[in-house]
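This report examines charged side chains and their surroundings. Please consult the sequence and the coordinates displayed below.

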Amino acid sequence: MRKIARAGALVVTGFLGLVLAASVWLILSKFWLKQEIPSVLGHSPVYVLSGSMEPAFSAGDMIIIHPRSQYEPGDVVTFYSEGELVTHRITAESLEGFTVKGDANNVQDEDLVRPSDIVGKQVLVLPRIGSIALFFRTGKGMIFLSAVVLLALLQSARGQPGKPSGSRRRD
């Protein structure tokens, strides 16, 4: 039973370590490398702030986008609109650009979207992860995540063979 608990702790520690590493990389990419939308291997996380695309995804979700060379009607794309990132579905294409609309909206967006304004196409939806990820990008969130990873590492190192473990009984 202890081996299963230890294996579970290692899996959780590894996962949290990856989340911490990705969070640090995304923060450094934005501020150190001056990437407006940081990415890992070309994939960028985008946090959903409204319900305009329900039921495809909701506020608080995270979507992963990836740039494409071409986009077509039906694609869910993230683009710049008046300096803000927006994610909507392409409904039509013309020589001037794309017509887009949020799935939950009654009308199409007024402005056409030029291909050069598109940042990427949605490739993955992670429900509710956006709210959590946004917390981990704050100072308090980074401290919390670092503390959890450190505690998990200390706990897993405590029970490894060959290391003193205090008053541990044998099974």
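**Basis and terms**

Buried denotes under 20% relative accessible area, exposed over 50%, and partly exposed the range in between (1.4 Å probe, protein chains only). The model is predicted: local features need pLDDT of at least 70, side-chain atom pairs count only at pLDDT 80 or more, and totals for chains, interfaces and linings use all residues. Residues are numbered from 1 along each chain as its sequence is written, and side-chain values use heavy atoms, with hydrogens and water left out.

**Salt bridges**

The structure contains 3 salt bridges, each defined as a side-chain nitrogen of Lys or Arg within 4 Å of a carboxyl oxygen of Asp or Glu. Arg-89 pairs with Asp-103 at 2.8 Å between the closest N and O atoms. Because Arg-89 belongs to strand β4 (residues 84-93) and Asp-103 to the loop between β5 (98-101) and β6, the pair ties together parts 14 residues apart in sequence. Arg-89, at 25% relative accessible area, is partly exposed, and Asp-103, at 27%, is partly exposed.

Asp-75 and Lys-121 form a salt bridge with an N to O distance of 3.3 Å. Asp-75 is buried at 8%, whereas Lys-121 is partly exposed at 24%.

Asp-61 occupies the loop between β1 (44-47) and β2 (62-66). Asp-61 is buried but has no salt bridge; Arg-128, the nearest side chain of opposite charge, is 4.6 Å away.

Conventions:
Helices (H or I, at least four residues) and strands (E, at least two) are DSSP runs, numbered from the N terminus. Lys and Arg count as positive and Asp and Glu as negative; His and the chain ends are not counted.
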